[in-house]
Amino acid sequence: MDLDRIVSELTLDEKADLVQGTDFMYTRSIPRLGIPSIRMSDGPHGLRVQKKGGDNGVTDSEPATCFPTAAALVSGWNEELLYQMGQYIAEECLHYGIDILLGPGVNIKRNPLCGRNFEYFSEDPFLSGKLGAAEVRGVQSRNVGVSVKHFALNNTENFRNLGDSICDERAMRELYLRAFERIVREASPHSLMCAYNKVNGTFCSENERLLTGILRSEWGYSGPVMSDWGATHDRVRGIRAGLDLEMPGDTSICRRWIKEAVRDGFLPETDLDASVRRILELAFRYRDNPEGIPVDWKAHDRLAAEIAEDCAVLLSNDGTLPLPGGGSLFITGELFEHMRYQGAGSSMIRPSVLTTPKDAFDRNGVFYAYSPGYETTDEVSSRDLVDDAVEKAKNADRILVFAGQTDLTESEGFDRETMQLPRNQLELIDAMVRTGKPVVVVLFGGSPVELPFADRVSAILNMYLPGQNGGTAVYDLLFGLRSPSGKLAETWPVSYADVPFGESFAKAETEVYKESVFVGYRYYLSAGIPVRYPFGYGLSYTSFAYDGLTVRRTGEGFEAGFRITNTGSRDGSEIAQLYVKAPRGVFKPVKELRGFRKTFLHSGESREIWIPVSDSDLRYYNVRSGRWETEGGEYTFEICSDCRTVQLSAVVRIDADTSGSPYSQEVEEAYGAADLGLVTDALFEKLSGLTLPERNAPGPIGMESRFADIRRTGTGRILFRIVSGVLERKLKKAGRMPAGTEKENRIKGAIFLKRALENNTFQSMTMAGGKMFPYLLAQGIVHIVNGKWFRGFRCILSRGKGLLPPGMDEKTTTGETKATNTSSC
């Protein structure tokens with residue numbers, strides 16, 4: 001394909017068309033030159049296929065296999081299953097004519113309250129990168145592309161559209177960018193998606209250092225970068241920075257800005273051509289993909305159950321599990337019959353089939369008594385429901401309580417307010433414990449919760465969000481057809497009070513990452529903070545023994561070899577984890593994950609395991625020299641069953657390749673002890689070399705204001721009530737639907753839309769709204785909300801003459817001043 005010739009034959013209008021999407025999930029085609037469009041679908045744990053003709057909302061999509069969400073997937077630590085899942089998702093993509101899956105999401109779980117944590121893998125970049133790369137390779141093995149997201153530091157939902165993630169360079173490199181880098185280098189993703197937020201003062205969609213300097217120049221990435229839906233601000237500056245594709249597109253103002261910027265010399269046409277070329281390469285790559293291929297939906301459903309079983313985490317067990325075949329069983333908790341199997345938001349899938357725990361129990365002839373105990377649509381306890389559960393539990397030998405987060409407490413679009421379970425569920429669990437019977441709690445949810453009852457129940461099985469066949473997995477695990485083998489990919493603190501800087505999380509648009517590299521287990525281990533369950537933790541119905549550690553040098557690093565034996569009476573899988581303690585001449589976490597291996601063993605079987613460790617993973621990022629360096633000295637290789645439980649260890653010496661610590665003594669002392677209580681704003685500024693932005697009083701409502709902020713004005717309060725009323729009626733209408741999957745998804749969608757709208761900005765809404773919510777209409781509403789009625793209506797009715805992108809009133813590339821041009825009508 002002669003792309004140079006095609007680019008040379010494109011008109012400026014056509015080039016401007018190609019760098020933005022259309023109909024919500026497509027790129028534009030140019031029939032006269034044979035340029036096909038690219039079709040995309042939300043992911044990442046399945047497909048939310050929009051029916052042709054534009055945005056169908058978050059609930060009206062084609063049926064697809066809903067695999068477990070990333071929070072569950074990663075707990076299996078199983079690259080092979082992630083690869084296979086990727087292949088199956090790609091088959092469904094080809095069935096529906098989808099070219100690019102929007103995922104996986106590999107942002108680091110900095111705080112357990114982030115509302116979108118269910119869609120991300122881990123607090124650890126090594127694990128996130130390895131599992132993410134496996135999924136990418138699986139999808140792309142069928143010549144279907146991915147868009148790895150959200151690049152970068154997208155760690156809150158409340159302020160995701162305007163938030164500024166303030167982070168020191170070393171933490172960025174070692175934690176928040178590392179998973180993206182690994183996937184780029186190991187799996188060559190076809191595309192990446194930039195995040196909504198700013199990083200150190202610059203929106204990701206126009207952050208040249210991220211999109212070009214690091215991603216392309218340092219990592220060697222050659223594919224296109226697309227925006228998240230509505231994440232663009234200054235479209236011209238975005239192209240110059242390396243943002244190729246604006247999604248969802250259909251924004252006439254951006255096309256106008258691009259064309260006028262090229263004509264005025266503000267945007268070199270060579271920059272535009274580079275973006276066009278990258279998009280064309282993808283479009284022609286998928287041109288010959290088959291469409292409508294048959295899918296073995298039953299096989300995909302079976303894999304969904306296998307993965308859910310593989311990644312469930314047994315948090316505690318006094319021997320009550322697995323359940324015996326005999327005896328009387330009482331089950332309570334509405335999640336038993338209305339299982340929460342996925343999160344809410346853009347990743348919400350219409351499952352091809354759904355099997356709840358109740359379905360699986362009934363199908364297998366389990367005899368039980370049942371009472372719902374609580375309602376998932378409310379957090380207030382019902383005395384009648386609790387009393388009914390207590391009464392029915394009297395005749396039971398064992399009690400199962402199904403509990404967890406609901407769509408009221410956890411979703412894309414907003415951050416959680418607390419780490420606690422809903423009050424009505426806690427009261428039900430307390431009532432069951434007081435019966436004196438063995439109580440097993442089965443948990444659902446996308447992130448950690450406080451467990452004040454942990455020491456008073458017999459067992460806790462954490463399913464996370466297990467996908468459409470989670471009910472089969474619950475049955476198989478509870479009754480011992482499979483042994484649990486998942487291990488936590490995130491720390492479960494005792495309480496939210498233990499989370500560093502948790503009190504300020506998601507409270508303002510500026511999010512300061514003062515903890516630097518001390519995130520998750522890196523903090524709790526280094527600071528000596530007790531936790532409920534550590535990173536890497538998970539129990540089994542069998543037991544394992546480790547012996548015979550050998551560490552040897554290889555050409556590009558080391559290999560650690562040892563033997564694992566299944567010493568129990570059941571078959572099962574063990575996840576061996578390799579952590580390395582490095583010299584701490586420069587402050588570091590006590591230890592960091594550098595390798596892992598999951599191994600299935602029959603009862604009594606032994607196997608020799610080798611885990612590689614690359615030299616590059618033993619380096620730290622020196623912010624003074626701007627390169628990855630190795631401290632000389634003793635490195636302890638620890639083979640662990642979780643990050644706190646060391647099974648075997650060995651010490652190796654490594655020569656130095658470092659220019660010395662870049663930090664002052666004051667910084668080294670505070671961070672070296674992981675005593676984050678000593679970290680003030682001033683000390684963080686010394687660490688990072690950044691100046692924290694001042695916290696100014698709110699000004700007038702602007703394009704970058706959240707919709708919820710319009711309540712600061714009288715007109716805004718009226719508008720807010722009107723729009724909120726529409727969404728409330730949508731939620732009530734969903735609540736009146738007949739019971740079933742469709743009703744549950746409609747309720748999920750209504751809750752997500754209401755909360756997401758409140759946290760959305762006018763800028764993001766117009767960039768996502770395209771023809772439905774044009775830029776000038778958004779600006780007009782902003783003026784009206786501020787009491788400038790005449791200017792607002794004039795803006796709405798104008799054609800935007802002379803309306804140029806921000807920055808063109810500074811200087812063109814030729815040096816000519818354009819002082820009269822403005823981006824505001």
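Helices here are DSSP runs of H or I with at least four residues, strands are DSSP runs of E with at least two, and both are numbered from the N terminus.

**Entry 1: ground rules.** I am working on a predicted model, in which local features need pLDDT of at least 70 and side-chain atom pairs count only at pLDDT 80 or more, while totals for chains, interfaces and linings use all residues. Residues are numbered from 1 along each chain as its sequence is written, and side-chain values use heavy atoms, with hydrogens and water left out.

**Entry 2: Tyr 83.** I looked up Tyr 83 and found it in helix α4, residues 79–96. Tyr 83 is partly exposed, with a relative accessible area of 31%; buried would mean under 20%, exposed over 50%, and partly exposed is what lies in between, for a 1.4 Å probe and protein chains only. Leaving aside neighbours within four places in sequence, I find Tyr 83 in contact with Ala 134, Arg 137, Gly 138 and Ser 141, where contact means heavy atoms within 4.5 Å. I also noted that Tyr 83 and Gly 132 are 49 residues apart in sequence, while their C-alpha atoms are 9.2 Å apart in space.

**Entry 3: the five-strand sheet.** I traced an open sheet of 5 strands in the order β3-β5-β6-β8-β11, with parallel pairing; two strands pair if DSSP finds at least two bridges between them. The edges are β3 (40–42) and β11 (225–227), each with a single partner strand, so one side of each has no neighbour in the sheet. Neighbouring strands of this sheet are turned by 30° against each other on average, direction ignored, with axes taken as lines fitted to C-alpha atoms (for helices over the stretch in contact) and angles running from 0 to 180 degrees between N-to-C directions. Within the sheet, β5 (residues 100–102) and β6 (residues 145–151) run parallel and are joined by 2 bridges, and Ile 100 stands opposite Gly 145 in β6. Helix α5 (residues 125–140) packs on the sheet, touching β5 and β6, and its direction makes about 150° with that of β6.

**Entry 4: the four-strand sheet.** I then followed an open sheet of 4 strands with mixed pairing, in the order β10-β9-β7-β19. Here β10 (202–203) and β19 (510–512) stand at the edges with a single partner strand each, so one side of each is left without a neighbour in the sheet. Strands β7 (residues 164–166) and β9 (residues 198–199) pair in the parallel sense over 2 bridges, with Ser 165 opposite Val 199 in β9.

Entry 5: I checked how far β17 (residues 439–444) is covered: 6 of its 6 residues are buried, so the strand is largely enclosed by the rest of the structure. In a regular strand the side chains alternate between the two faces of the sheet. In β17 both faces are covered, with Val 439, Val 441 and Leu 443 buried on one side and Val 440, Val 442 and Phe 444 buried on the other. Strand β16 (residues 398–404) runs parallel to β17 and is joined to it by 6 bridges, while β18 (residues 459–462) pairs with β17 in the parallel sense over 4 bridges. Leu 443 stands opposite Ala 403 and also opposite Asn 462 in β18.

I recorded β16, helix α15 (residues 423–433) and β17 as a right-handed β-α-β unit, meaning that, with the strands pointing away from the viewer, the path from the first strand over the helix to the second runs clockwise. Helix α15 is mostly covered, with 8 of its 11 residues buried, among them Leu 426, Ile 429 and Met 432. The buried residues of α15 pack against β13 (329–332), α14 (383–393), β16 and β17.

**Entry 6: helix α10.** After α10 comes Gly 265, whose phi is positive, near 85°.
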